[in-house]
Amino acid sequence: MSPILTHLAMFLSLILAVSSAPVCSGKTNCGRSESQISSYPGHWPANYCKIKNVVFSTGDRVLRVNGNPEDLDKCQKVKDVWKFETNAQDMDNVVCDQVFTRGHFFTTYYFHGSNYFHLHYDTMLPLFMALHQDINKLSSGAKDVTLLPGIEMSRGEGIDWNTDAFDDQSSYWMQLLQMLSKPHRLLPLDRRLAGINKTICFDEAFFGTPKVDFSSPEVLHSYADFVKKSFAIKPTKSADKTGKPKIGLIHRDGRRKILNENELAKSVSSIASVEIVDFSHMSVKEQIQKVQQYNVLIGMNGAGLVNALYLPKTSVAVQLVPYKAQLNVEEFANLLKTRGPYLEWHNNHPELDRRIPEDIFRNGADTIVDVNEFSEIANKAIQLYKENQQKTSAAL
């Protein structure tokens with residue numbers, strides 16, 4: 001199918017998705033007169049706001065609520081991202097083309113072509129909380145829910161309605177958003193939604209995502225279990241024919257590469273079956289299914305290591321860190337420690353560092369991993385895995 005026909009098909013699907021929402025059955029205002037605004041701690045933006053009776057004009061990209069401008073001050077950071085008007089028109093006389101019980105407006109981290117880590121950290125986990133946990137405390141159950149993701153022009157500075165982020169339905173961020181949104185509707189904020197020029201009304205709408213306790217095992221395990229169930233991920237036999245534990249060593253292209261992968265794999269071949277795994281050409285489901293077979297997953301700080309969130313609970317995650325790199329090492333560590341058994345290795349050998357001079361933060365450096373230190377941490381990881389297996393078996 002040509003790009004033009006593809007975009008036309010997607011455009012029509014958006015119209016059908018919106019048109020399938022319940023209408024006002026001849027009423028003009030559908031209860032738009034009163035607006036109540038509540039603010040909670042947010043992950044992004046810093047406010048997570050609930051607003052009742054919201055009118056969304058997709059053609060002019062404005063959200064209208066009843067009240068004074070000061071009423072929105074409690075949602076100050078939210079106002080920086082989405083465009084609001086208060087008392088811009090008589091809310092009692094609004095004609096709604098469609099009405100939804102609830103809408104969730106949030107942004108997806110898409111800078112520099114998106115990022116698998118930030119998609120999980122800044123969107124998937126907080127959105128999971130909004131849809132499946134915290135939301136129960138903030139609102140009664142709703143049958144008709146719509147998710148409206150957007151892309152910021154720059155962080156905290158308005159929605160980019162011309163983005164192409166949602167065009168490719170096979171992209172990993174769309175795979176994850178579609179998975180998490182089911183059975184609800186997914187209506188991205190882009191030129192196609194603006195083009196249908198509808199007035200969409202919400203009994204209540206949430207803006208941003210709620211603050212998440214990333215140190216809570218319950219949160220991470222609930223999320224991982226939900227994702228694995230949604231993708232129908234099956235347990236996989238991990239040990240090879242000799243009974244050796246299985247290690248996955250993540251291959252990276254572009255930057256932050258491990259330059260001696262084969263040597264590392266050979267160095268521990270007597271104690272483990274090692275597979276050098278490249279996630280870059282796999283679907284999200286394939287990546288999650290793949291890690292089910294590993295007792296240990298080892299990777300340089302980066303996107304592929306996010307898949308450790310989906311490891312079996314007794315498997316061990318190992319983060320490798322380049323020499324003096326200024327990276328999100330602590331954020332990765334906190335997530336993976338909370339998920340389960342975790343170890344960390346830092347390159348402390350400047351002679352094994354391969355960075356380019358203009359990389360002043362050392363966040364893209366390639367590394368020759370010290371073989372003896374790799375063998376040592378791999379041994380520790382295998383031992384940790386076996387100890388956890390024994391504890392799990394004893395508890396059954």
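Here are some notes on this predicted model, going from the whole chain down to single residues.

1. Ground rules. This is a predicted model, where local features need pLDDT of at least 70, side-chain atom pairs count only at pLDDT 80 or more, and totals for chains, interfaces and linings use all residues. Residues are numbered from 1 along each chain as its sequence is written, and side-chain values use heavy atoms, with hydrogens and water left out.

2. The overall picture. The protein chain has eleven helices and 14 strands; these are DSSP runs numbered from the N terminus, with helices (H or I) of at least four residues and strands (E) of at least two. Of its 396 residues, 54% are buried (under 20% relative accessible area, with exposed over 50% and partly exposed in between, using a 1.4 Å probe and protein chains only). The chain exposes about 17800 Å², and carbon and sulfur atoms supply 50% of that.

3. Who touches whom. A contact means heavy atoms within 4.5 Å. Take the contacts in the protein chain with a separation of 6 or more: 75% of them are between residues 24 or more positions apart.

4. Helix 5 against helix 7. Helix 5 (residues 172-181) packs on helix 7 (residues 217-230) at about 95 degrees, with the axes 10 Å apart. The axes here are lines fitted to C-alpha atoms over the stretch in contact, and angles run from 0 to 180 degrees between N-to-C directions. That makes the two helices roughly perpendicular (65 to 115 degrees; under 35 is roughly parallel, over 145 roughly antiparallel, the rest oblique). Helix 5 brings Leu 176, Met 179 and Leu 180, while helix 7 brings Tyr 223, Phe 226, Val 227 and Ser 230. Sorted by class, this contact has six nonpolar residues, one polar and no charged. For the classes, Ala, Val, Leu, Ile, Met, Phe, Trp, Tyr, Cys and Pro count as nonpolar, Asp, Glu, Lys and Arg as charged, and the others, Gly among them, as polar.

5. Helix 3 against helix 7. What angle do helix 3 and helix 7 make? They pack at about 90 degrees, with axes 11 Å apart, and are therefore roughly perpendicular to each other. From helix 3 come His 120, Met 124, Leu 125, Phe 128, Met 129 and His 132, which meet Val 219, Leu 220, Ser 222, Tyr 223 and Phe 226 in helix 7. The tally for this contact is eight nonpolar, three polar and no charged residues.

6. Rings around Tyr 121. The whole structure holds 17 aromatic pairs (rings of Phe, Tyr and Trp, the last by its six-membered ring, with centres within 6.5 Å; planes under 30 degrees apart are stacked, over 60 edge-to-face, the rest tilted). Phe 117 and Tyr 121 are a stacked pair, 5.3 Å centre to centre with 15 degrees between the planes. They sit four residues apart in helix 3 (residues 116-132), so about one helical turn separates them. Phe 117 is buried at 4% relative accessible area, and Tyr 121 counts as buried at 18%. Tyr 121 also stacks with Phe 214, at 4.3 Å and 10 degrees. Phe 214 lies in the loop between strand 7 (199-210) and helix 7, so this pair ties together parts 93 residues apart in sequence.

7. Leu 119. This residue is in helix 3, and Leu 119 is buried, with a relative accessible area of 0%. Leaving out residues up to four places away in sequence, Leu 119 touches Thr 108, Met 124, Tyr 172, Trp 173 and Leu 176.

Key: Areas by Shrake-Rupley, 256 points an atom, 1.4 Å probe, with all protein chains shown as cover.
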